[in-house]
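Welcome! Please have a look at the sequence and the fold below, and then we can walk through a few spots together.

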Amino acid sequence: MKNIMIVATGGTIAGVGEIGKSASYQAGEINIDEIIQSIPAINHIAHLSAVQYMNVDSNEMSPARWVQLANYLNELLVREDIDGIVVTHGTDTLDETAYFLNLTLRTYKPVIITGAMRPATAASADGPMNLYQAVALACHEEALGHGVMAVFSDTIYSGRDIQKVNNFKTDAFDKKDFGCLGYMRDDQAYFFARAFKKHTLQSEFSQQPLTSLPKVGIAYYYAGAGSEVLETLAKDCKGIVIAGSGSGNYSKEWIEKVGALSKKGIIIVRSSRVGHGIVFESPVFDEEKQTVPSNTLSPQKARVLLMLALSVTKETEKIREIFNVY
Ligand code: SIN
(Lines give C-alpha, C1' and ligand atoms only; values in the text may rest on other atoms or scores of the structure.)
Protein backbone atom coordinates (compact mmCIF):
# COMPACT_ATOMS: atom_id res chain seq x y z
CA MET A 1 0.00 0.00 0.00
CA LYS A 2 1.10 3.58 -0.71
CA ASN A 3 2.03 6.05 2.04
CA ILE A 4 -0.36 8.97 1.89
CA MET A 5 -0.17 12.06 4.08
CA ILE A 6 -3.37 13.99 4.80
CA VAL A 7 -2.80 17.69 5.46
CA ALA A 8 -5.96 19.11 7.00
CA THR A 9 -6.75 22.81 6.81
CA GLY A 10 -10.39 22.94 8.00
CA GLY A 11 -13.58 23.78 6.12
CA THR A 12 -17.02 22.22 6.21
CA ILE A 13 -15.52 18.73 6.05
CA ALA A 14 -14.41 19.50 9.63
CA GLY A 15 -17.60 21.43 10.42
CA VAL A 16 -19.86 20.89 13.43
CA GLY A 17 -23.52 21.85 13.79
CA GLU A 18 -26.83 20.56 15.08
CA ILE A 19 -26.79 16.74 14.76
CA GLY A 20 -28.34 15.63 11.47
CA LYS A 21 -28.76 19.15 10.06
CA SER A 22 -26.66 20.73 7.33
CA ALA A 23 -27.95 24.31 7.29
CA SER A 24 -26.11 25.96 10.15
CA TYR A 25 -22.68 24.98 11.46
CA GLN A 26 -19.20 26.20 12.21
CA ALA A 27 -16.54 25.16 9.68
CA GLY A 28 -13.08 24.02 10.81
CA GLU A 29 -13.96 22.50 14.21
CA ILE A 30 -13.11 18.81 14.38
CA ASN A 31 -9.71 17.19 14.09
CA ILE A 32 -8.69 15.20 11.00
CA ASP A 33 -8.09 12.08 13.16
CA GLU A 34 -11.79 12.06 14.10
CA ILE A 35 -12.79 12.29 10.43
CA ILE A 36 -10.44 9.44 9.51
CA GLN A 37 -11.89 7.29 12.32
CA SER A 38 -15.35 7.75 10.79
CA ILE A 39 -14.13 6.01 7.58
CA PRO A 40 -12.83 2.55 8.64
CA ALA A 41 -12.37 1.42 5.00
CA ILE A 42 -9.81 4.16 4.37
CA ASN A 43 -7.12 2.19 6.22
CA HIS A 44 -7.52 -0.68 3.74
CA ILE A 45 -6.40 1.42 0.78
CA ALA A 46 -3.35 3.32 2.11
CA HIS A 47 -0.87 3.67 4.97
CA LEU A 48 -2.13 6.99 6.28
CA SER A 49 -0.54 9.70 8.32
CA ALA A 50 -2.29 12.98 9.04
CA VAL A 51 -1.44 16.44 10.27
CA GLN A 52 -3.86 19.15 11.36
CA TYR A 53 -1.95 21.93 9.63
CA MET A 54 -4.62 24.53 10.47
CA ASN A 55 -8.35 24.36 11.16
CA VAL A 56 -10.09 27.34 9.57
CA ASP A 57 -13.02 28.33 7.44
CA SER A 58 -11.43 28.68 3.98
CA ASN A 59 -12.48 32.34 3.90
CA GLU A 60 -9.53 32.80 6.27
CA MET A 61 -7.08 31.65 3.58
CA SER A 62 -4.80 34.40 2.31
CA PRO A 63 -1.74 34.83 0.09
CA ALA A 64 0.47 34.55 3.20
CA ARG A 65 -1.20 31.26 4.15
CA TRP A 66 -0.90 29.96 0.57
CA VAL A 67 2.82 30.67 0.58
CA GLN A 68 3.28 28.89 3.94
CA LEU A 69 1.18 25.93 2.79
CA ALA A 70 3.01 25.55 -0.53
CA ASN A 71 6.41 25.68 1.18
CA TYR A 72 5.26 23.12 3.77
CA LEU A 73 3.88 20.75 1.11
CA ASN A 74 7.07 21.09 -0.95
CA GLU A 75 9.06 19.99 2.12
CA LEU A 76 6.80 16.94 2.54
CA LEU A 77 6.85 16.05 -1.14
CA VAL A 78 10.62 15.46 -1.25
CA ARG A 79 10.31 12.79 1.45
CA GLU A 80 10.74 9.28 0.09
CA ASP A 81 8.32 7.90 2.69
CA ILE A 82 5.45 10.00 1.24
CA ASP A 83 3.92 8.81 -2.06
CA GLY A 84 1.15 11.38 -2.28
CA ILE A 85 -0.69 14.07 -0.35
CA VAL A 86 -4.37 14.82 0.25
CA VAL A 87 -5.26 18.34 1.40
CA THR A 88 -8.64 18.86 3.07
CA HIS A 89 -9.98 22.38 2.57
CA GLY A 90 -13.13 24.49 2.77
CA THR A 91 -15.01 24.66 -0.51
CA ASP A 92 -15.45 28.45 -0.64
CA THR A 93 -11.91 29.22 -1.77
CA LEU A 94 -10.84 25.70 -2.75
CA ASP A 95 -10.61 26.70 -6.43
CA GLU A 96 -8.08 29.44 -5.59
CA THR A 97 -5.89 27.26 -3.35
CA ALA A 98 -5.99 24.39 -5.87
CA TYR A 99 -4.73 26.67 -8.65
CA PHE A 100 -2.08 28.26 -6.42
CA LEU A 101 -0.71 24.85 -5.39
CA ASN A 102 -0.93 23.63 -9.00
CA LEU A 103 1.51 26.40 -9.93
CA THR A 104 3.84 26.24 -6.94
CA LEU A 105 4.36 22.59 -5.96
CA ARG A 106 7.60 21.07 -7.22
CA THR A 107 6.53 17.47 -7.69
CA TYR A 108 5.16 14.80 -10.00
CA LYS A 109 3.56 13.02 -7.00
CA PRO A 110 -0.23 13.11 -6.69
CA VAL A 111 -1.58 16.00 -4.63
CA ILE A 112 -5.35 15.88 -4.24
CA ILE A 113 -7.52 18.53 -2.61
CA THR A 114 -11.00 17.80 -1.30
CA GLY A 115 -13.66 19.04 1.09
CA ALA A 116 -17.36 18.78 1.77
CA MET A 117 -20.57 20.73 1.44
CA ARG A 118 -22.19 19.17 4.51
CA PRO A 119 -20.62 19.34 7.97
CA ALA A 120 -19.30 16.19 9.64
CA THR A 121 -22.37 16.15 11.94
CA ALA A 122 -24.95 16.21 9.09
CA ALA A 123 -27.06 13.20 8.16
CA SER A 124 -25.33 11.78 5.07
CA ALA A 125 -22.26 14.01 5.33
CA ASP A 126 -20.37 14.05 2.01
CA GLY A 127 -16.91 14.60 3.51
CA PRO A 128 -16.05 10.98 4.38
CA MET A 129 -16.68 9.70 0.82
CA ASN A 130 -14.81 12.63 -0.73
CA LEU A 131 -11.83 12.02 1.58
CA TYR A 132 -11.90 8.27 0.94
CA GLN A 133 -11.88 8.84 -2.82
CA ALA A 134 -9.17 11.52 -2.60
CA VAL A 135 -6.92 9.05 -0.75
CA ALA A 136 -7.76 6.34 -3.31
CA LEU A 137 -6.86 8.71 -6.14
CA ALA A 138 -3.58 9.68 -4.44
CA CYS A 139 -2.66 5.95 -4.50
CA HIS A 140 -3.49 5.50 -8.17
CA GLU A 141 -0.62 4.83 -10.63
CA GLU A 142 -2.20 7.05 -13.29
CA ALA A 143 -2.48 10.01 -10.89
CA LEU A 144 1.21 10.91 -11.35
CA GLY A 145 2.08 14.08 -13.25
CA HIS A 146 -1.41 15.56 -13.53
CA GLY A 147 -0.64 18.53 -11.30
CA VAL A 148 -2.85 19.27 -8.33
CA MET A 149 -6.25 17.63 -8.71
CA ALA A 150 -9.47 17.92 -6.76
CA VAL A 151 -11.94 15.16 -5.98
CA PHE A 152 -15.55 16.03 -5.34
CA SER A 153 -18.77 14.06 -5.81
CA ASP A 154 -17.17 11.13 -7.67
CA THR A 155 -15.42 13.49 -10.08
CA ILE A 156 -11.73 14.29 -10.67
CA TYR A 157 -11.00 17.92 -11.58
CA SER A 158 -7.82 19.74 -12.55
CA GLY A 159 -6.64 22.36 -10.06
CA ARG A 160 -6.57 24.91 -12.88
CA ASP A 161 -10.12 24.55 -14.04
CA ILE A 162 -12.15 23.55 -11.01
CA GLN A 163 -14.74 26.13 -10.06
CA LYS A 164 -17.37 26.22 -7.33
CA VAL A 165 -20.68 26.59 -9.15
CA ASN A 166 -23.25 25.74 -6.48
CA ASN A 167 -23.33 27.07 -2.93
CA PHE A 168 -25.84 24.52 -1.65
CA LYS A 169 -25.70 21.11 -3.34
CA THR A 170 -23.12 18.40 -2.62
CA ASP A 171 -22.22 18.36 -6.33
CA ALA A 172 -20.90 21.88 -5.96
CA PHE A 173 -18.04 21.98 -8.47
CA ASP A 174 -17.66 22.08 -12.21
CA LYS A 175 -14.84 22.36 -14.71
CA LYS A 176 -16.03 25.11 -17.03
CA ASP A 177 -16.08 23.97 -20.67
CA PHE A 178 -13.07 21.68 -20.48
CA GLY A 179 -14.33 18.33 -19.23
CA CYS A 180 -13.28 16.75 -15.98
CA LEU A 181 -10.14 14.60 -15.83
CA GLY A 182 -12.05 11.50 -14.79
CA TYR A 183 -14.50 9.81 -12.47
CA MET A 184 -14.18 7.95 -9.17
CA ARG A 185 -16.32 4.93 -8.46
CA ASP A 186 -15.76 3.91 -4.84
CA ASP A 187 -11.95 3.61 -4.66
CA GLN A 188 -11.42 3.13 -8.42
CA ALA A 189 -10.26 6.01 -10.61
CA TYR A 190 -11.12 6.24 -14.30
CA PHE A 191 -9.09 8.86 -16.20
CA PHE A 192 -10.03 10.11 -19.63
CA ALA A 193 -8.31 13.50 -19.92
CA ARG A 194 -5.06 15.22 -18.95
CA ALA A 195 -4.37 18.80 -17.88
CA PHE A 196 -2.85 20.68 -20.83
CA LYS A 197 -1.63 23.94 -19.29
CA LYS A 198 1.75 24.09 -17.49
CA HIS A 199 1.77 23.11 -13.81
CA THR A 200 3.88 21.85 -10.89
CA LEU A 201 7.32 20.71 -12.12
CA GLN A 202 7.06 22.66 -15.42
CA SER A 203 5.91 25.82 -13.64
CA GLU A 204 8.47 28.60 -13.22
CA PHE A 205 6.74 29.48 -9.92
CA SER A 206 7.60 26.13 -8.34
CA GLN A 207 11.35 26.41 -8.83
CA GLN A 208 12.26 28.22 -5.61
CA PRO A 209 10.63 28.68 -2.17
CA LEU A 210 8.23 31.61 -2.06
CA THR A 211 8.47 34.29 0.60
CA SER A 212 5.60 36.68 -0.09
CA LEU A 213 3.30 37.79 -2.90
CA PRO A 214 2.65 41.27 -4.27
CA LYS A 215 -0.80 42.66 -3.54
CA VAL A 216 -3.40 42.29 -6.30
CA GLY A 217 -7.07 43.31 -6.03
CA ILE A 218 -10.19 42.54 -8.04
CA ALA A 219 -12.54 45.26 -9.34
CA TYR A 220 -16.03 44.05 -10.25
CA TYR A 221 -17.65 45.89 -13.14
CA TYR A 222 -21.44 46.43 -13.31
CA ALA A 223 -23.64 48.82 -15.28
CA GLY A 224 -22.97 52.31 -14.00
CA ALA A 225 -19.94 51.33 -11.87
CA GLY A 226 -17.79 54.34 -11.00
CA SER A 227 -14.07 54.03 -11.73
CA GLU A 228 -13.05 55.18 -8.21
CA VAL A 229 -12.71 51.53 -7.21
CA LEU A 230 -9.77 51.22 -9.63
CA GLU A 231 -8.16 54.33 -8.13
CA THR A 232 -8.63 52.96 -4.61
CA LEU A 233 -7.12 49.57 -5.46
CA ALA A 234 -4.21 51.21 -7.26
CA LYS A 235 -3.18 52.93 -3.98
CA ASP A 236 -1.66 49.73 -2.60
CA CYS A 237 -1.88 47.08 -5.32
CA LYS A 238 0.78 46.27 -7.90
CA GLY A 239 -1.86 44.70 -10.11
CA ILE A 240 -5.62 44.79 -10.61
CA VAL A 241 -7.88 42.12 -12.10
CA ILE A 242 -11.06 43.49 -13.60
CA ALA A 243 -14.08 41.17 -13.46
CA GLY A 244 -15.58 42.75 -16.54
CA SER A 245 -18.90 42.18 -18.22
CA GLY A 246 -19.14 39.91 -21.29
CA SER A 247 -15.67 39.35 -22.75
CA GLY A 248 -13.92 41.38 -20.03
CA ASN A 249 -15.59 44.67 -20.92
CA TYR A 250 -16.38 47.94 -19.16
CA SER A 251 -17.45 51.53 -19.77
CA LYS A 252 -15.59 54.41 -21.43
CA GLU A 253 -14.93 55.88 -17.98
CA TRP A 254 -13.15 52.66 -17.00
CA ILE A 255 -11.26 52.52 -20.32
CA GLU A 256 -9.82 55.94 -19.52
CA LYS A 257 -8.93 55.07 -15.92
CA VAL A 258 -7.38 51.74 -16.96
CA GLY A 259 -5.23 53.58 -19.52
CA ALA A 260 -4.05 56.11 -16.93
CA LEU A 261 -3.23 53.47 -14.32
CA SER A 262 -1.41 51.27 -16.86
CA LYS A 263 0.79 54.23 -17.75
CA LYS A 264 1.68 54.50 -14.04
CA GLY A 265 2.90 50.87 -14.08
CA ILE A 266 -0.10 49.07 -12.55
CA ILE A 267 -0.61 45.78 -14.40
CA ILE A 268 -4.26 45.31 -15.29
CA VAL A 269 -5.78 41.98 -16.26
CA ARG A 270 -9.16 41.84 -17.97
CA SER A 271 -11.24 38.84 -16.94
CA SER A 272 -14.96 38.20 -17.13
CA ARG A 273 -17.69 37.95 -14.54
CA VAL A 274 -19.35 35.42 -16.91
CA GLY A 275 -18.53 31.89 -15.73
CA HIS A 276 -17.71 30.39 -19.14
CA GLY A 277 -15.84 31.47 -22.26
CA ILE A 278 -12.49 33.13 -22.91
CA VAL A 279 -11.21 36.71 -22.72
CA PHE A 280 -9.10 37.75 -25.70
CA GLU A 281 -7.27 40.96 -26.48
CA SER A 282 -9.76 43.67 -27.42
CA PRO A 283 -9.13 46.45 -29.92
CA VAL A 284 -12.36 48.07 -28.70
CA PHE A 285 -11.82 48.09 -24.95
CA ASP A 286 -8.02 48.22 -25.04
CA GLU A 287 -6.86 49.78 -28.29
CA GLU A 288 -3.27 50.26 -27.10
CA LYS A 289 -2.87 46.72 -25.68
CA GLN A 290 -2.22 48.05 -22.19
CA THR A 291 -4.05 45.24 -20.41
CA VAL A 292 -3.55 41.48 -20.26
CA PRO A 293 -6.50 39.20 -21.11
CA SER A 294 -7.15 36.49 -18.51
CA ASN A 295 -7.68 33.76 -21.09
CA THR A 296 -10.09 31.24 -19.50
CA LEU A 297 -9.25 32.06 -15.88
CA SER A 298 -11.97 33.31 -13.53
CA PRO A 299 -11.26 36.66 -11.82
CA GLN A 300 -10.12 34.95 -8.60
CA LYS A 301 -7.79 32.57 -10.46
CA ALA A 302 -6.47 35.40 -12.62
CA ARG A 303 -5.58 37.17 -9.36
CA VAL A 304 -3.62 34.11 -8.19
CA LEU A 305 -1.65 34.01 -11.46
CA LEU A 306 -1.08 37.77 -11.51
CA MET A 307 0.37 37.69 -7.98
CA LEU A 308 2.77 34.93 -9.02
CA ALA A 309 3.60 36.64 -12.32
CA LEU A 310 4.37 39.93 -10.54
CA SER A 311 6.73 38.07 -8.23
CA VAL A 312 8.97 37.31 -11.26
CA THR A 313 8.43 40.26 -13.63
CA LYS A 314 6.85 43.70 -13.97
CA GLU A 315 6.77 43.58 -17.79
CA THR A 316 3.32 43.54 -19.38
CA GLU A 317 4.47 41.50 -22.38
CA LYS A 318 6.03 38.80 -20.20
CA ILE A 319 2.85 38.69 -18.09
CA ARG A 320 0.77 38.38 -21.28
CA GLU A 321 2.85 35.32 -22.19
CA ILE A 322 2.41 33.87 -18.68
CA PHE A 323 -1.38 34.15 -19.04
CA ASN A 324 -1.15 32.18 -22.29
CA VAL A 325 0.81 29.25 -20.88
CA TYR A 326 -0.67 28.75 -17.41
C1 SIN B 1 -15.30 26.92 3.98
O2 SIN B 1 -15.03 27.20 2.82
O3 SIN B 1 -14.44 26.75 4.85
C4 SIN B 1 -16.72 26.85 4.41
C5 SIN B 1 -17.59 26.32 3.35
C6 SIN B 1 -17.28 24.93 2.92
O7 SIN B 1 -16.29 24.32 3.23
O8 SIN B 1 -18.15 24.39 2.17
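Here is a short tour of the ligand site, a loop residue and a surface patch.

## About the model

Please keep in mind that this is a predicted model.

## The ligand site

Let us start with the ligand. The residues around the ligand are Gly-11, Thr-12, Asp-57, Ser-58, Gly-90, Thr-91, Asp-92 and Ala-116.

The side chain of Thr-91 has an N or O atom 2.4 Å from an oxygen atom of the ligand. For the side chain of Asp-57, the corresponding distance is 3.4 Å. Asp-92 takes part through its backbone, where an N or O atom lies 3.0 Å from a ligand oxygen. On its own the ligand has 250 Å² of accessible area, and the protein covers 95% of that.

## Ile-82, a loop residue

Ile-82 sits in the loop between helix H2 (63-77) and strand S5 (84-88).

Asn-3 is 79 residues from Ile-82 along the chain, yet their C-alpha atoms are separated by 5.3 Å.

## A nonpolar surface patch

Now to the surface. Tyr-108, Leu-144 and Leu-201 form a nonpolar patch there, and together they have about 290 Å² of accessible area.

With a relative accessible area of 36%, Leu-144 is partly exposed.

Key. Residues numbered from 1 in each chain as written. Predicted model: local features only at pLDDT ≥ 70, side-chain atom pairs only at ≥ 80, totals over all residues. Heavy atoms only, no water. Patch = residues over 30% accessible without salt bridge, like charges linked within 9 Å, V, L, I, M, F, W, Y side chains within 5 Å. Areas by Shrake-Rupley, 256 points an atom, 1.4 Å probe, with all protein chains shown as cover. Salt bridge = Lys/Arg side-chain N within 4 Å of Asp/Glu carboxyl O. Buried < 20%, exposed > 50% of the residue type's maximum accessible area, 1.4 Å probe, protein only. Near = heavy atom within 4 Å. Polar contact = N/O pair within 3.5 Å; in protein donor to acceptor, adjacent residues only side chain to side chain. Helix = DSSP H or I, 4+ residues; strand = E, 2+ residues; numbered from the N terminus.
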